[in-house]
Amino acid sequence: MRDTIKSNIFPNHILTHIPRSEHKLSRHNISQAALDVLYHLNQAGYQAFLVGGGVRDLILERVPKDFDIVTNAHPEQIKRLFKRCRLIGRRFLLAHVHVKSEIIEVATFRAPHDQSGHGSSKNGLIVRDNVYGSSVNDDAQRRDFTINAIYYDISDFSLFDYANGMADLRQGVIRLMGDPVLRYQEDPVRMLRAVRFSAKLGFSIHPETAAPIRQLSGLLSNIPPARLFEEVLKLFNTGHAAQSFEQMRTYDLFEQLFPYTERCLADPLAFSFIQQALDNTDKRKKNQDTIMPVFLFAVFLWLPLSRELPKKIVKGLNQQEILFNACQQLLAKQQKYVTIPRRFTVLMQDIWFLQIRLTHLRRGKKKTLSILEHPNFRAAYDFLKLRVKAGDEAVAEDLEWWDKFLSQHKKGHHTEFSAPTPKWSRRRQKSDR
Ligand code: ATP
Ligand code: MG
């Protein structure tokens, strides 16, 4: 028998209780660490639920990325219960419970967001959100999509479906709870999340949830670039990069994060370069090959960078200096939208600098071997391959040369270096004549 409780904030939503006998979610697919935490909370007299992506993905028979737990225990009470526990976060105070090598995130129920505007900035953005709730009914109302508001109760293995999320899971629909405009104003990152879940699960975005996105996409400029960096990683490194990109462009979201890249996309060569890189990333993920998240950043920003370069050829400066200056300028501009940490920018610049060394420098044996020994040679060579695959014929001859060199190098032969004359010097030679 299913019980229902009416929601006090979203009148259309009804909390439905689904007993264990009426659903198929099995404990066996929950990580032991998450189960340990759930049981421990419960045995200490607290309510404890699995919620969010863990429940959603288990119902869909997918492997969850992580298991999020929610409880009526307050953070200090959680901390007292677990030996290895740290409280983290400013916007949300959360407990990170360490179980062997796993970290399980445990949050306290939150209260529905105060409609009086307490905790909001002028434009409706929630800046503080640490008012605790006392029940699933309270907590569920702050969550984003119906499919993310299903709770698994460890005390009797039943489910609480807050907003008909089970039906949306069956029908493949991403639907925000409540008024979409208000919900996006509260947290514009939900626009990116809508696109991400749609790309990841192959679900459609409900028309009412999709309708305001284009108009509100500019609100992303209110989000700290560091938070957007985390979102970008999730959008592009979890096996659905090509879909994320397509959907982001459909809803004008890509230009909010990478405006300089977006401006280059009318050029079919540029577009194809990105497309190939995204497809490659997804293929690697599918084959469980390692993914270098920095690679796509290098791809995205290569487009505006390489466009700028020819304009910047200044007498007296060498190509490395020109590239260095152009990198610094572009990265500084881009960081205003999405933070790119230093550990990434260093690598990106290596990949870009190596493009010049792979294609523009006169090759001698010593130089070639030193390029080969560069720690990021492989990434740079893959990058060059991608450029050619995307149709950049100007560097096809260079790639051919490297392919041949590498295959001979592997066999232990050392070729005499009859490299094609590099393009820029070819140009220079012509003009010298
Ligand atoms: P995955 O972990 O697979 O990326 P997820 O749904 O678990 O997906 P998380 O970012 O781990 O995503 O968030 C856990 C849960 O917290 C979500 O399912 C949702 O219920 C809630 N949540 C997260 N971010 C927001 C947000 N910006 N607004 C409202 N609720 C959110
Ligand atoms: Mg999660």
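Let's start at Cys 85, which counts as buried at 6% relative accessibility. Buried here means under 20% relative accessible area, while exposed means over 50% and partly exposed lies in between (1.4 Å probe, protein chains only). Cys 327 is buried too, with a relative accessible area of 0%. The structure holds zero disulfides, a disulfide being a pair of cysteine sulfur atoms within 2.5 Å.

A word on what you are looking at: this is a predicted model, in which local features need pLDDT of at least 70 and side-chain atom pairs count only at pLDDT 80 or more, whereas totals for chains, interfaces and linings use all residues. Residues are numbered from 1 along each chain as its sequence is written, chains are lettered from A and ligands numbered from 1 in the order in which they are written, and side-chain values use heavy atoms, with hydrogens and water left out.

Now turn to Thr 71, a residue of strand S4 (residues 68–71). Strands (E, at least two residues) and helices (H or I, at least four) are DSSP runs, numbered from the N terminus. Thr 71 is buried, its relative accessible area being 0%. Beyond its neighbours within four places in sequence, Thr 71 is in contact with residues including Leu 41, Tyr 46, Ile 78 and Phe 109; contact means heavy atoms within 4.5 Å. A polar atom of the Thr 71 side chain also lies 3.0 Å from the backbone nitrogen of Ala 73.

Next comes the metal. Asp 66 (OD) and Asp 68 (OD) coordinate the magnesium ion (ligand 2) at 2.3 to 2.7 Å. Donors are N, O and S atoms within 2.8 Å of the metal (3.2 Å for Na, K and Ca), and because water is not among the atoms, sites may look incomplete. Both aspartates are partly exposed: Asp 66 has a relative accessible area of 34%, and Asp 68 has 23%.

Ligand 1 has 18 residues around it, and Gly 53, Arg 56, Asp 187, Arg 190 and Arg 196 come nearest; a residue counts as near if one of its heavy atoms lies within 4 Å. One oxygen atom of ligand 1 lies 2.7 Å from a polar side-chain atom of Arg 196. Taken alone, ligand 1 exposes 590 Å², and the protein buries 87% of that; these areas come from the Shrake-Rupley method with a 1.4 Å probe.

Finally, look at Gln 288, in the loop between helix H14 (268–286) and helix H15 (293–308). Gln 288 is exposed, with a relative accessible area of 74%. Its phi is near 60°, a positive value in a residue other than glycine.

Methods
Polar contact = N/O pair within 3.5 Å; in protein donor to acceptor, adjacent residues only side chain to side chain.
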